[in-house]
Amino acid sequence: MNKKETISRMSKDAGITYLQSAKAFSSLIEGIKGALQAGEKVTFSGFGSFDVKERKARKGRNPKTGAQVAIPPKKRVKFTPSKSLKISL
């Protein structure tokens, strides 16, 4: 399911227009992004949670030359499914 299909399903299920659904979906995504950028954890009961984790700096190797390369630390988003979601799959 992609973004367009999700918005279409939201529109049908809620009995609202496609444009209203698109605005609601956009607002939801922006709210999640804003919370994650602020370092907050986002939790949806019965679905799962999103959290920002930081990867530590590490050393890697260039596969072509074999030279050692420093890989800087970076942040990533981690999704953890809820127990009820895991069971339903």
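**Reading a fold, feature by feature**

Me: Is S11 buried or exposed?
Reply: S11 is buried, with a relative accessible area of 12%; the cut-off for buried is under 20%. Keep in mind that this is a predicted model.

Me: Where does S11 lie, and which residues does S11 touch?
Reply: S11 lies in helix 1, residues 3-14. Leaving out residues up to four places away in sequence, S11 touches I16, T17, Y18 and S21.

Me: How are two packed helices described?
Reply: The general idea is to give the angle between their axes and the distance between the axes. Here, the axes of helix 1 and helix 2 (residues 18-37) come within 8 Å and cross at roughly 115 degrees. Helix 1 passes helix 2 in a right-handed crossing.

Me: Which residues of helix 1 and helix 2 meet?
Reply: From helix 1 come K3, K4, T6, I7, S8, M10 and S11, and they meet Y18, S21, A22, A24 and F25 in helix 2. By class, this contact has six nonpolar, four polar and two charged residues.

Me: Over how many bridges do strand 1 and strand 2 pair?
Reply: They pair over three bridges, in the antiparallel sense. The bridge partner of T43 in strand 2 is S49.

Me: Is G48 buried or exposed?
Reply: G48 is buried, at a relative accessible area of 5%. Its place is in strand 2, residues 48-55. Apart from neighbours within four places in sequence, G48 is in contact with V42, T43, F79, T80, P81 and S82. Take S82: G48 and S82 are 34 residues apart in sequence, yet 4.3 Å apart in space, C-alpha to C-alpha.

Me: What do strand 3 and strand 4 form?
Reply: They form a hairpin with six residues between them, and G66 in the turn has a positive phi of about 80 degrees. Four bridges join strand 3 (residues 58-61) to strand 4 (residues 68-71), and the two run antiparallel. R61 stands opposite Q68 in strand 4.

Me: How is a pair of aromatic rings described?
Reply: By the distance of the centres and the angle of the planes. This structure holds two aromatic pairs. The rings of F47 and F79 have centres 5.3 Å apart and planes at 50 degrees, so this pair is tilted. It links distant parts of the chain, 32 residues apart: F47 is in the loop between strand 1 and strand 2, and F79 is in strand 5 (residues 74-81). F47 counts as partly exposed at 39% relative accessibility, and F79 is partly exposed with a relative accessible area of 33%.

Me: At what angle are the planes of F50 and F79?
Reply: Their planes are at 45 degrees and the ring centres 4.9 Å apart, so the pair is tilted. F50 lies in strand 2 and F79 in strand 5, so the pair ties together parts that are 29 residues apart in sequence.

Conventions
Residues numbered from 1 in each chain as written. Predicted model: local features only at pLDDT ≥ 70, side-chain atom pairs only at ≥ 80, totals over all residues. Heavy atoms only, no water. Buried < 20%, exposed > 50% of the residue type's maximum accessible area, 1.4 Å probe, protein only. Contact = heavy atoms within 4.5 Å. Pairing = 2+ DSSP bridges. Axes fitted to C-alpha atoms, helices over the stretch in contact; angles between N-to-C directions. Left-handed = near helix turned anticlockwise from the far one by under 90°. Nonpolar A, V, L, I, M, F, W, Y, C, P; charged D, E, K, R; others polar. Phe/Tyr/Trp six-rings, centres within 6.5 Å; stacked < 30°, edge-to-face > 60°.
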